[in-house]
Amino acid sequence: QGSSLGPFSHQVALLNLPFRPYDLSVDCFHMERRRGVWHLSLWFCWSAACLRAVAGLDIGEEVFALDILSYSTDSGPVVIPAAGLGTVQKNSSSDVTVLWTDGGKAGVVAENLVERKACLTTCAALSAFLPAASEALRNGSMMEVDRCMAMQRHYQAAACALASAQESQCPSAFTRMKQYSDACTDIGVDIASAPGDIAMRFQRIFALTPIRYNTSSGSGIVHVAVGSRGRIIRRAANIVVLWDEPAGLVGNVAEAQVDNATCLESCVGLMDYLLAGVSAVPDTALTQAELCLALQAHANASACGLKEEKRAMCPGVWSLLNERAGSCSTMGVDLTKEIPPTDYEHVPCTYCSSDLGARDMTGTAFAIFHYIPLNVCEEWCATNSTCGAIDYSMTKSGCRMWSWCPSNVQRGASCFWALYEKPRPTTTALPTINTTTTTDAKAGVVSVSSAPMQRVPAALTAATALMVVNMHILLA
């Protein structure tokens, strides 16, 4: 209205016609004022939907009803069922007169409530969907989610009617189905997909964390335990859930507090993981490292829940596990990996401190670091009767071997360190080793010579020799 179409000098107005407003564009209608009179003509009507909006349904064309229609006649009310067939007898700008097969009566109906019979042939499942949808929408005892699930049982019809080609070929059916789909998607039901994980996302849910409600009746606080199941009955500004237990309880939840119920069974041990978190997180006596170790006992569940495909299907689970995994990784605990099986006594987040009196198995005050896997460290320690414990560093991927490391010389640390004590009695006396230390003050070189030790593996002896050589180089 008063706007210009580029190079054209005439003025354009859009007609807000009631029967196909969503099909109209600037190209559909052109109005030009000549000598004080507005003249209407078609203008660049390229799309089939636009032509349909102008031309309407043809007289004699077969149509079907998209909803239940009722008419009052002299002989009483006449009801036309959804998907009922008829023939167009007259058409106008916004409605048509249809002679209906059921009852043999003619009646006027808005054009957006009927569709060409050819569309019913294209999407044959509509003949079952439309009556089911009409019945569900008129059932006052049904909740919104139940209505959507009734439609979802005929998902083939919805998928067919919502295909992109149907928007121009069957615009009335497409528009009505789009309205149903949008409303049900807001609730959490995809009516165009078969019932399952994706279609039921956020429909049947479970509690990721304990939830409590203050009852309006003043009877006190009601608790919903972690893992409790329920169903979403409304999804707007808040998510409203009808819980299975306690039976009949209805309450609001935050999206982060719940997830798709199918996720609980999709990862073995997930329920145990959640319960471990419930018991460990509120325990103020536990350190962060101890909390992480409690969760690491369920590493398989963490690894499963953090798979990339879970991010879309189980966003609540994925977010919770990802947050905890990130926090524990800073402590040196990988929640997705199990603690390696070992015959040694595992003392997490601890190492042997030479400052406190721990002694390396060679008898030196400075422990030699071996860049080898944990299982090799254990094998080496097992072959030497002098070795009583090893400590392993995740950051360096290596270990140190100790002959003397009782509890009083152990030191707590981040969980990048772990102590492994040999599972057999070991001597508590300091090893007797003939060690001679000489210092060349001028060169600043320290030399260490030791008497032969018992059954030191060749590879370990070589590593020790290499370390001594490196010490000479560094100090020199």
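Reader: With which residue does the side chain of Asp391 meet in a salt bridge, and what is the distance, N to O?

Author: The partner is Arg400, and the side chains of Asp391 and Arg400 meet at 2.8 Å, N to O. Before we go further, please keep in mind that this is a predicted model, in which local features need pLDDT of at least 70 and side-chain atom pairs count only at pLDDT 80 or more, while totals for chains, interfaces and linings use all residues. Residues are numbered from 1 along each chain as its sequence is written, and side-chain values use heavy atoms, with hydrogens and water left out.

A salt bridge here is a side-chain nitrogen of Lys or Arg within 4 Å of a carboxyl oxygen of Asp or Glu. Side chains of opposite charge can pair when their charged atoms come close. Both Asp391 and Arg400 are buried, where buried means under 20% relative accessible area, exposed means over 50%, and partly exposed lies in between, with a 1.4 Å probe and protein chains only.

By the salt-bridge rule the count comes to ten, and one of these joins Glu61 to Arg116, whose side chains meet at 2.4 Å, N to O. Glu61 lies in the loop between α1 (48-55) and β5 (62-65), whereas Arg116 belongs to strand β11 (residues 114-116), so this pair ties together parts that are 55 residues apart in sequence. Helices (H or I, at least four residues) and strands (E, at least two) are DSSP runs, numbered from the N terminus. Both Glu61 and Arg116 are buried.

Another pair, Glu308 with Arg311, has its closest N and O atoms 3.8 Å apart. Because Glu308 and Arg311 are three residues apart in helix α12 (residues 308-313), about one helical turn separates them. Glu308 counts as exposed at 53% relative accessibility, and Arg311 is partly exposed, with a relative accessible area of 44%. Salt bridges that share partners also join Asp67, Arg138 and Arg176 into one network.

Ile68 lies in the loop between β5 and β6 (69-73), and at 31% relative accessibility it counts as partly exposed. Although Ile68 and Pro131 are 63 residues apart in sequence, their C-alpha atoms are 7.8 Å apart in space.

We can now turn to a pair of helices. The axes of α3 (residues 126-137) and α4 (residues 144-152) come within 9 Å and cross at roughly 170 degrees, where axes are lines fitted to C-alpha atoms, for helices over the stretch in contact, and angles run from 0 to 180 degrees between N-to-C directions. The two helices α3 and α4 are therefore roughly antiparallel to each other, since angles under 35 degrees count as roughly parallel, over 145 as roughly antiparallel, 65 to 115 as roughly perpendicular and the rest as oblique. Phe129, Ala133, Ala136 and Leu137 of α3 make this contact with Arg147, Ala150 and Met151 of α4.

The last stop is the nonpolar interior. A nonpolar core is a set of buried Ala, Val, Leu, Ile, Met, Phe, Trp, Tyr and Cys residues joined through side-chain atoms within 4.5 Å. The largest core has 31 residues, and Leu274 and Val317 are those with the most contacts inside it. Two or more residues of this core come from each of α8 (262-266), α9 (270-280), α10 (288-296), α11 (299-305) and α13 (315-329), and α13 gives the largest share, six residues. Beyond residues up to four places away in sequence, Val317 touches Phe206, Leu208, Asp259, Cys263, Leu270 and Gly305. A second, separate core of 25 residues includes Phe64, Leu126, Phe129 and Cys148.

For contrast, consider Lys337, found in the loop between α13 and β19 (345-348). Lys337 is exposed, with a relative accessible area of 54%, and, not counting residues up to four places away in sequence, Lys337 touches Gln296 and Ala299. Lys337 and Gln296 are 41 residues apart in sequence and 7.2 Å apart in space, C-alpha to C-alpha.

Note on methods: Contact means heavy atoms within 4.5 Å.
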